[in-house]
Amino acid sequence: MITHTAHDALLPNYARAPITIVAGEGCELIDDTGRRYLDLIAGISVCALGHAHPAITRAVSEQAAKLVHASNLFFHEPSGELARELTRRSGLHRAFFCNSGTEANEAAIKLARKRAFRNGQTERNVIVSCSGSFHGRTFGALCATANAAYREGFGPFPDGFAFTPFNDIEALASALHDRVAAFIVEPVQGESGVHPADPAFLAKARELCDEHGALLIFDEVQCGMGRLGPLFAFQHFGVVPDIVTMAKALANGLPIGAMLVSETASNGFLPGDHGSTFGGSPLSAAAALAHLHERDRIDLEQHVKKSSAYLKQRLHALAERHLEAIAEVRGIGLLQGVALRHPFDAASIVAALRNRGILLGTAGANTLRFAPPLIISESQLDDALTALEVTLSA
Ligand SMILES: Cc1ncc(COP(=O)(O)O)c(C=O)c1O
């Protein structure tokens, strides 16, 4: 007879913290003992409007009472409307919806190859990505993910994927050639430890992709949807890609992924080329639309600009006071990384902060990751930073 507890019945593929979350409210999460935590990781860069936001709850409830699923055999209003909103706001041409970030990147990789094939360029099949990259855990996205920790034990990997050093313009010039179908890059690498791209690197990527007929894909799964300030990360950098992939915050917590494509790339997929049963479900699309409208209503871009300047200034001041602990503060907008010096250990600091009622993430090598709800206030940031300083000094 199986006797394990409910939690023991889960596969052990996550290193979960020993708390059980039962509810959320604004920037706080509440556990099964009623304890409240200030949440500065937001479901890993997901709940931009915080938890249980009334606009999202209302949109989901109303949509659930009408239509949850009909499949992509038919049109339905929320996904069409969401495609229209995202193309209008990005200036890109068409949208494809799926359920997660890795699926959005699978779609982009497949589209790049199919487009080359359809254009009679059967030799053009190489997907280039960067050192330190993370594009997801399904097989195609994993092939484009450089970080060895995610790849170990999953080989052999197929041909047609190549890596180039992140932010190395010279190396990029030899990595991009006429057999490259697409170059995929995160404008800010999240999982590798919060490393922003050099704007000149992205501008050069645009130039080289144009020169060689390759598609430029920005993976905005983590750094998009307003986390850097503007709705799209590419708008921060002023470099327009052919494809943007999105997920995480798009529907403020409901599962959705999206691939937005330029007019030139939109001949990549024709009927039957790609699909997803649940992709762009009315429920997730309704939540994403509510998120976009609420973002406008409260001028979240302006708020992120202000609160991220405040966070950065406070983090840099903290780093100056704690040179023994903090090696570097880096990031853009409300995606900030604090790299720690040995023997300070990011996982232990996160655990100690959790005991003080603050939830923070880690990323890459010994780095604390701040990815709070975008609605976070300066006084909530103060609470978190005070707790961090006390923890570093303990
Ligand atoms: C940049 C980036 N791409 C893709 C993914 C994969 O997204 P998902 O976990 O929704 O599949 C992530 C997740 O962390 C990410 O940060």
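**Exercise 1. Work out how many helices and strands the protein has, and why it counts as compact.**

Step 1: the tally is 13 helices and 17 strands, where helices (H or I, at least four residues) and strands (E, at least two) are DSSP runs numbered from the N terminus.

Step 2: the radius of gyration is 21 Å, close to the 21 Å that the globule rule gives for 394 residues, so the protein is as compact as a globular protein of that length. That radius is taken over C-alpha atoms, and the rule is 2.2 Å times the number of residues to the power 0.38.

Before going on: this is a predicted model, with local features needing pLDDT of at least 70 and side-chain atom pairs counting only at pLDDT 80 or more, while totals for chains, interfaces and linings use all residues. Residues are numbered from 1 along each chain as its sequence is written.

**Exercise 2. Find which residues touch the most other members of the largest nonpolar core, and where that core lies.**

Step 1: a nonpolar core is a set of buried Ala, Val, Leu, Ile, Met, Phe, Trp, Tyr and Cys residues joined through C-beta atoms within 7 Å. Buried means 20 or more other C-beta atoms within 10 Å of a residue's own, with C-beta atoms placed from the backbone; 49% of the 394 residues pass that test.

Step 2: the largest core has 122 residues, and Ala108, Ala182, Phe183, Leu215, Ala258 and Ala287 touch the most other members. Helix H10 (residues 282–297) gives the largest share, eight residues.

Step 3: domain 1 (7–53 + 299–393) and domain 2 (55–297) both give residues to this core, so it lies between them. Those bounds come from an automatic or database domain assignment.

**Exercise 3. Describe the side of domain 1 that touches domain 2.**

Step 1: the C-alpha centres of the two domains lie 26 Å apart. The contact (C-beta atoms, placed from the backbone, within 7 Å) takes 28 residues from domain 1 and 27 residues from domain 2.

Step 2: on the domain 1 side, H11 gives the most, with five residues.

Step 3: sorted by class, that side has 14 nonpolar, ten polar and four charged residues. Here Ala, Val, Leu, Ile, Met, Phe, Trp, Tyr, Cys and Pro count as nonpolar, Asp, Glu, Lys and Arg as charged, and the others, Gly among them, as polar.

**Exercise 4. Say which residues come nearest to the ligand.**

Solution: Helix H4 (residues 101–118) supplies the largest share of the shell, three residues.

Note on methods. A residue is buried if 20 or more other C-beta atoms lie within 10 Å of its own, exposed if 12 or fewer, and partly exposed in between; C-beta atoms are placed from the backbone. A residue is near a molecule or strand if its C-beta atom, placed from the backbone, lies within 6 Å of it. Two residues are in contact if their C-beta atoms, placed from the backbone, lie within 7 Å.
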